[in-house]
Amino acid sequence: MEQLAIHGGKPTIQTSLPSIRNSSGRYMGDEEKRLLAEVIDSGCLAFIYGSKVTEFERSFAELIGARQAVATSSGTAALHTALLYLNPEPGDEVLVSPITDMGSVIPILSQLAVPVFVDVDPHDHNMDPAKIEEQISSRTRAILVTHIYGSPADMDPIMEIARKHDLFVIEDCAQAQLTCYKGRVVGTIGNVSCYSFQQSKHMTTGDGGMALSNEDERFGRKLRHCMDKGWPRERGGRDHLFLAPNYHMTELQAAVGLAQIKRLKGVIEARRRSAKRLDALLNEIPAALPVSSLAESYETRFFYVFRLQVEALRVDGVEIANALIAEGVPCFLGYPGKVPLYKYPMIKDRRTFGTSGWPFTLDGVRRNWDYADEICPNAERACRESIVIWWNEKMTDEHVHQIARAIEKVLRAYGR
Ligand SMILES: *Cc1c(COP(=O)(O)O)cnc(C)c1O
């Protein structure tokens with residue numbers, strides 16, 4: 001048997017693979033430069049006086065199929081903008097998945113609402129609709145649903161539950177630009193949908209985000225006030241209607257975004273093609289089970305994720321991940337990490353506002369979990385047993401073959 005790289009053997013992957021960190025794994029070029037130059041030449045970098053952010057909002061909203069659009073400084077800012085619109089009472093509850101970016105939870109805490117974690121479906125790691133109703137209380141206001149890894153959450157039952165209990169639905173589409181659920185583009189189904197254009201996402205402006213909605217113009221105007229200091233600029237003059245931060249996107253980001261929109265479909269197709277190739281290769285490796293998507297979906301492959309069949313292996317996921325990294329596979333164990341979100345100090349140790357522990361300790365908050373417990377068993381398992389490979393649009397067949405060979409080598413070496 002070949003010696004593993006982690007034990008001093010020769011790594012399977014000798015070349016460096018393309019990465020989302022730089023141009024090796026990203027499409028970026030003349031169109032971005034041309035539009036950026038236009039902004040610089042105009043001398044106006046701020047959205048309040050320029051036109052690029054507005055143009056970017058219109059183009060992106062049109063692409064997704066939404067009527068209202070508000071660009072923001074990040075995906076977290078877009079989600080916070082949606083939470084500000086909802087304007088929960090302190091101590092109200094928002095349902096959220098423990099398998100998402102912390103950017104989904106920070107806005108909930110920032111509004112002094114309590115995140116209530118709903119366990120995931122073990123097959124696709126999206127929020128499990130069957131686990132939602134048991135978490136609903138008289139204080140539940142919203143469901144914040146992430147479409148994880150580019151695969152759609154099961155929106156029909158989620159929307160039905162939301163209607164039944166009169167809940168606001170925020171779709172977190174940061175990893176799911178143009179993902180489709182039963183023929184519908186995600187981000188057009190809930191009340192508001194939020195996007196991130198951070199460096200790793202399908203299209204990027206470095207950092208950046210957007211909130212979209214199919215509600216009416218009045219809704220759109222208020223959504224904008226929520227990211228603009230509560231300032232109704234459209235009325236002229238200065239006014240501040242309620243507490244809200246400044247989450248403006250700049251003209252520079254929007255210029256890059258306008259160029260990136262044109263590349264998005266190509267990016268998605270390239271990621272899907274190479275990911276499908278890896279699906280086929282992993283089919284031959286018994287201890288590796290690709291994470292699936294719902295039937296009738298068009299998934300856009302943000303990460304490539306597979307589950308380890310741990311019963312067939314002699315070591316745990318940590319060792320497998322380390323061995324894969326040593327072989328040159330750009331991967332890590334579990335998303336967001338080895339544990340679900342509620343086990344990070346921010347939540348588990350209630351490190352929020354001074355030493356208050358708000359919102360968890362507010363009067364009238366009935367939920368008092370010990371976040372060290374296994375609150376969501378499927379999510380815990382997903383974190384312990386999933387290998388998450390950084391994916392990008394420049395993975396070639398050769399790269400995919402190398403990755404599959406490395407996985408096969410490691411799983412065979414550690415097989416029972
Ligand atoms: C990236 C991401 C966010 C946060 O976006 P930022 O732009 O990094 O603030 C939120 N949710 C999900 C699912 C993400 O992947």
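**Exercise 1. State which elements make the β-α-β unit that contains S5, and give its hand.**

Solution. S4, helix H5 (residues 155-165) and S5 make a β-α-β unit, and the unit is right-handed. A crossover is right-handed if, with the strands pointing away from the viewer, the path from the first strand over the helix to the second runs clockwise. Helices (H or I, at least four residues) and strands (E, at least two) are DSSP runs, numbered from the N terminus.

The model is predicted: local features need pLDDT of at least 70, side-chain atom pairs count only at pLDDT 80 or more, and totals for chains, interfaces and linings use all residues. Residues are numbered from 1 along each chain as its sequence is written, and side-chain values use heavy atoms, with hydrogens and water left out.

**Exercise 2. Find the strands that pair with S5.**

Solution. Two strands pair if DSSP finds at least two bridges between them.
- Step 1: strand S4 (residues 140-146) runs parallel to S5, and five bridges join them. Val 145 has Glu 171 of S5 as its bridge partner.
- Step 2: strand S8 (residues 192-196) also pairs with S5 in the parallel sense, over three bridges. Here Ile 170 is partnered by Val 192 of S8.

**Exercise 3. Decide whether S5 is enclosed or open, and explain why.**

Solution. Buried means under 20% relative accessible area (1.4 Å probe, protein chains only).
- Step 1: on one side of S5, Phe 168, Ile 170 and Asp 172 are buried.
- Step 2: five of the five residues of S5 (residues 168-172) are buried, so the strand is largely enclosed by the rest of the structure.

**Exercise 4. Describe the surroundings of the ligand.**

- Step 1: 16 residues surround the ligand, and the closest are Gly 75, Thr 76, Asp 172, Ser 196 and Lys 201.
- Step 2: by class, the shell has three nonpolar, 10 polar (Gly counts here) and three charged residues.
- Step 3: helix H3 (residues 75-86) gives the largest share of the shell, three residues.
- Step 4: polar contacts are pairs of N or O atoms within 3.5 Å. A ligand oxygen is 2.7 Å from a polar backbone atom of Gly 75. For side-chain N or O atoms, a ligand oxygen is 2.9 Å from Gln 175 and 2.5 Å from Lys 201.
- Step 5: the ligand taken alone exposes 380 Å², and the protein buries 93% of that (Shrake-Rupley method, 1.4 Å probe).

Notes
A residue is near a molecule or strand if one of its heavy atoms lies within 4 Å of it. A polar contact is a pair of N or O atoms within 3.5 Å; within protein, one must be able to donate a hydrogen and the other to accept it, and residues adjacent in sequence count only if both atoms are side-chain atoms. Buried means under 20% relative accessible area, exposed over 50%, partly exposed in between (1.4 Å probe, protein chains only).
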